Amino acid sequence: MHPAAKPLLFVLCLLPFAQLFVGAVLDTLGANPAEALLRATGDWTLRFLCVVLAVTPARIALGVPALARFRRMLGLFVYFYATAHLLCYAVFDQGLDPGEIWRDILERPFILVGMLAFSLLTALAATSPHRVIRWMGARRWQWLHRSVYAVAGLALLHFFWMRAGKNDFAEVAVYAAIVALLLGWRLQRWLRSKRRLA
């Protein structure tokens, strides 16, 4: 792997956030900048989640084991954009009022599902350092990090319920198809390995 590969990927992953930041400063995000930021950070969270899930299939299909070295950074960028999404919601929608946020979680299922996904992502981000992996042990760490599949399902459900109010499911269908394809690939490999052992 070229020494510049990781720094270049880091910069590329930051570009969407930089574009949003510049748009907010220059007031070029449209008539409702808060909604634009909330929607864009949510979209980029889902996109990076799909990229993370695509690393292993791409690594195996292309025969490039070095791609696995990017997975941790990409996973942390999922958490970065999810945190930005949550902050946009807390600041712009709820005015950083803990009571209002708590009521919203209890009253709106899609907010509850989003918070559950963020909680799982927090656990994954917190256990990403190498020293934590050594402390946990590889088996327990792998078991925990398989919850990224649950995160994908919760994120899709959050997106689906959010769009249900507008009866707009086109983008939801695209993300659902991508996630289904990536998880289906894993399921097929797992079933194939079970047959070999049988």
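Is Asp27 buried or exposed? Asp27 is exposed, because its relative accessible area is 55% and the cut-off for exposed is over 50%. The model shown here is predicted, and the values below are computed from it.

Asp27 sits in the loop between α1 and α2. Its phi is near 60°, a positive value in a residue other than glycine. Most residues other than glycine have a negative phi. A second case of positive phi is Leu96, with a value near 55°. Leu96 belongs to the loop between α3 and α4, and it counts as exposed because its relative accessibility is 57%.

The next stop is helix α1, which covers residues 5-26. Leu26 is part of helix α1. With a relative accessibility of 57%, Leu26 counts as exposed. Leu26 also belongs to a nonpolar surface patch of about 560 Å², together with Phe17, Phe21, Val22, Val25 and Phe80. Helix α1 supplies the largest share of this patch, namely five residues.

Charged side chains come next. In the whole structure, a search finds five salt bridges. One of them joins Arg39 and Asp43, with an N to O distance of 4.0 Å. Why are Arg39 and Asp43 separated by about one helical turn? They are four residues apart in helix α2, so about one turn lies between them. The two partners can be compared by their accessibility. Arg39 has a relative accessible area of 40%, so it is partly exposed. Asp43 has a relative accessible area of 8%, so it is buried, the limit for buried being under 20%.

Helix α4, residues 98-107, holds both Arg103 and Glu100, which are three residues apart, about one turn of the helix. Their side chains meet in a salt bridge with an N to O distance of 2.6 Å. Arg103 is partly exposed, with a relative accessible area of 41%. Glu100 is partly exposed too, with a relative accessible area of 34%.

A further salt bridge links Arg108 to Asp104, and here the closest N and O atoms are 2.8 Å apart. Arg108 is partly exposed at a relative accessible area of 32%, whereas Asp104 counts as buried at 9% relative accessibility. Elsewhere, salt bridges that share partners join Arg39, Asp43, Arg163 and Glu171 into one network.

Rolling a probe the size of a water molecule over the atoms shows where empty space is left. The largest pocket in this model has a volume of about 1,200 Å³. Which residues lie closest to the centre of the largest pocket? Of the 33 residues that line it, the closest to its centre are Thr56, Arg71, Trp141, His145 and Val148. Several helices take part in the lining: α2, α3 (71-93), α5 (109-126), α6 (130-136), α7 (138-145), α8 (148-164) and α9 (170-197) each give two or more residues.

Thr56, one of the residues closest to the centre of the pocket, lies in helix α2, which spans residues 33-62. Is Thr56 buried or exposed? Thr56 has a relative accessible area of 13%, so it is buried. Apart from neighbours within four places in sequence, Thr56 is in contact with Arg71, Trp185 and Arg186. Arg71 is also listed among the residues closest to the pocket centre.

The last stop is Ala155, in helix α8. Ala155 is buried because its relative accessible area is 17%, and the limit for buried is under 20%. If neighbours within four places in sequence are left aside, Ala155 is in contact with Leu46, Leu49 and Ala117. How far apart are the C-alpha atoms of Ala155 and Ile60? These C-alpha atoms are separated by 26 Å, and the two residues are 95 residues apart along the chain.

Technical notes. Residues numbered from 1 in each chain as written. Predicted model: local features only at pLDDT ≥ 70, side-chain atom pairs only at ≥ 80, totals over all residues. Heavy atoms only, no water. Buried < 20%, exposed > 50% of the residue type's maximum accessible area, 1.4 Å probe, protein only. Contact = heavy atoms within 4.5 Å. Patch = residues over 30% accessible without salt bridge, like charges linked within 9 Å, V, L, I, M, F, W, Y side chains within 5 Å. Areas by Shrake-Rupley, 256 points an atom, 1.4 Å probe, with all protein chains shown as cover. 1 Å grid on protein atoms, 1.4 Å probe; cavity = no way out; pocket = protein on both sides within 12 Å on 5 of 7 lines; lining within 4 Å. Points joined across faces, edges and corners; volume = space filled by probe spheres on them.
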